[in-house]
Amino acid sequence: MELDPAAGEDVGRLDISFRPLIAREDIYFCLECKRLNVVRDGRTRSYASEYVTFGVVRFVSGQYANKVRHGGMLAYVLDGDTTRAIENVQNNLRDRHAALGMKPPGTFGSSSIIVVIQG
């Protein structure tokens, strides 16, 4: 949770955070967790829009903490279709790239550490 929200702002809730024993807003790392590809009544809903809007945007806007420069997003892909989940999130990033401060076309960057856990 944000340790010192600005007046009139909502307090953000963090799912997983790593912080020192002394509570300081400027030195911690958090992972925001969201579900993707949720199957209910035989139909799949991607939730990629919520992943971006209520996850990524909250990091960019500083809702989780204005002083923290790094954080992470964690996705639980409930139907196991990670390829489709990644594509759906990518499409949402592309649609919101300007609001996220990303250069067009707003694509994922390459990473040397990508972890996909399939059960």
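Trainee: What makes the three strands an open sheet, and in what order do they stand?
Mentor: The order is β1-β2-β5, with mixed pairing, and the edge strands β1 and β5 each pair on one side only. Strands here are DSSP runs of E with at least two residues, and helices are runs of H or I with at least four, numbered from the N terminus. This is a predicted model, where local features need pLDDT of at least 70, side-chain atom pairs count only at pLDDT 80 or more, and totals for chains, interfaces and linings use all residues. Residues are numbered from 1 along each chain as its sequence is written, and side-chain values use heavy atoms, leaving out hydrogens and water.

Trainee: How do you know that β1 and β2 pair?
Mentor: Two strands pair if DSSP finds at least two bridges between them. Three bridges join β1 to β2, which run antiparallel, and I16 stands opposite L31. Six bridges join β2 to β5, which run parallel; there C33 stands opposite L74.

Trainee: Why are α1 and α2 called oblique?
Mentor: Their angle is about 55 degrees, with the axes 8 Å apart. Angles under 35 degrees count as roughly parallel, over 145 as roughly antiparallel, 65 to 115 as roughly perpendicular and the rest as oblique. Therefore α1 and α2 are oblique to each other.

Trainee: Which residues of α1 make the contact?
Mentor: A48, S49, Y51, V52 and V56 of α1 meet N88, V89, N92 and L93 of α2, where contact means heavy atoms within 4.5 Å.

How values were computed: Axes are lines fitted to C-alpha atoms, for helices over the stretch in contact, and angles run from 0 to 180 degrees between N-to-C directions.
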